[in-house]
Amino acid sequence: MFLSCFCLVPRVSTFQVGRRCGVVTCGLKDRERQKIDKSPDAFFYNTPRLVKHADDDWHKRLTSLYHQELPDGGHVLDLMSSWVSHLPEGMHFERVAATGMNREELSRNKQLSEFVVLDLNADPIIPFEDASFDAVVCALSVQYLQKPEIVFSEIARVLRPRGVVIVSFSNRMFFTKAVNAWKDRSGRGRVKLVKGYMAEVGAFSPARDVTEASPLTTIAPLLGSFGLSYGGDPFYAVIANKYFAPSEAELEDIRGGKLKWVFATGKSADSLRHYLDR
């Protein structure tokens with residue numbers, strides 16, 4: 001896949017959210033949105049960092065997860081990307097777009113077909129059209145978002161119905177740039193935090209997670225100071241699908257018991273009755 005151009009499209013409005021219209025709030029207090037380094041993120045990310053931000057096993061696990069969850073031939077958006085996207089080499093994607101903070105890093109990413117240099121903390125509007133992607137992925141970056149409620153509503157807007165969002169992370173971070181809400185929580189607490197970001201938008205199925213972490217992860221710094229291993233970087237991923245209204249054929253299959261509603265849409269039985277009682 002060759003890098004064709006920088007993507008320039010008109011600005012678009014935020015996703016219209018279920019119970020509320022416009023931007024939602026995720027309950028973060030002002031203090032939780034703050035970072036130690038209050039300087040513009042563009043200054044911090046001005047220098048390219050052509051390194052991997054987790055160990056090799058972590059990256060292999062993410063690629064394996066993408067192989068399971070991403071649609072072959074689909075359109076993928078890699079949000080807050082860098083010089084690697086971790087996409088499986090054996091899969092074909094019709095389009096791989098990205099946003100990121102450093103132009104040189106993005107230009108070296110051989111899996112991208114297009115990219116936009118974008119600081120989501122300064123401008124959280126994703127510059128792509130409605131329902132233009134089958135999947136949105138975000139690796140090792142969610143911990144830096146200061147306006148997650150807007151970004152996740154934007155993810156919902158650019159996703160097609162049934163589209164998948166995958167947010168992955170470990171316990172590593174640029175400490176001075178991570179928001180306090182992230183630093184205040186443990187690994188499981190961060191999983192719940194990301195699930196909360198998704199749930200508040202009201203556009204996704206109940207999120208599921210993949211958690212692979214050694215019990216020693218919480219004392220990793222102490223072990224490392226003695227040269228001891230703690231089993232590698234912990235792997236966390238939160239996954240959800242955008243809701244969709246089933247077609248008439250799918251409704252017939254649901255009524256006939258041929259299609260399991262929860263697996264098809266992630267919706268509850270209560271939401272199914274709305275369609276079956278029409």
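Guide: In this predicted model, two residues are in contact when heavy atoms of theirs lie within 4.5 Å. By that rule, the buried residues of helix α3 pack against β5, β6, β7 (208-212) and β8.

Visitor: Which residues of α3 are the buried ones?

Guide: They are Trp 58, His 59, Leu 62, Leu 65 and Tyr 66.

Visitor: What puts these residues on the same side of α3?

Guide: They cover an arc of only 120 degrees around the axis, and therefore lie on the same side of α3. On the other side, Asp 57, Lys 60 and Gln 68 are exposed.

Visitor: What span is expected for α3, and what span does the helix reach?

Guide: Helix α3 runs over residues 56-69, which is 14 residues. At 1.5 Å a residue, 20 Å is expected, and the helix reaches 20 Å from its first C-alpha to its last, so the span is close to the expected one.

Visitor: Why is Trp 58 called buried?

Guide: The cut-off is under 20% relative accessible area. Trp 58 has 1%, so the residue counts as buried. Phe 235, at 2%, is buried because the same cut-off applies.

Visitor: Why do Trp 58 and Phe 235 count as an aromatic pair, and why is the pair called tilted?

Guide: Ring centres must lie within 6.5 Å, and here they are 5.3 Å apart, so the rings pair. The angle between the planes is 55 degrees; stacked needs under 30 and edge-to-face over 60, so the pair is tilted. The pair links distant parts of the chain, with Trp 58 in helix α3 and Phe 235 in strand β8, 177 residues apart.

Visitor: Which residues have the most contacts inside the largest nonpolar core?

Guide: Phe 152 and Ile 155 do, in a core of 37 residues. Helix α7 gives the largest share of this core, six residues. Leaving aside neighbours within four places in sequence, Phe 152 is in contact with residues including Val 142, Val 167, Val 194 and Phe 204.

Methods: Residues are numbered from 1 along each chain as its sequence is written. This is a predicted model: local features need pLDDT of at least 70, side-chain atom pairs count only at pLDDT 80 or more; totals for chains, interfaces and linings use all residues. Side-chain values use heavy atoms; hydrogens and water are left out. A nonpolar core is a set of buried Ala, Val, Leu, Ile, Met, Phe, Trp, Tyr and Cys residues joined through side-chain atoms within 4.5 Å. Buried means under 20% relative accessible area, exposed over 50%, partly exposed in between (1.4 Å probe, protein chains only). Helices (H or I, at least four residues) and strands (E, at least two) are DSSP runs, numbered from the N terminus. The arc is that of the directions from the helix axis to the C-beta atoms. Rings of Phe, Tyr and Trp (its six-membered ring) pair if their centres lie within 6.5 Å; planes under 30 degrees apart count as stacked, over 60 as edge-to-face and the rest as tilted.
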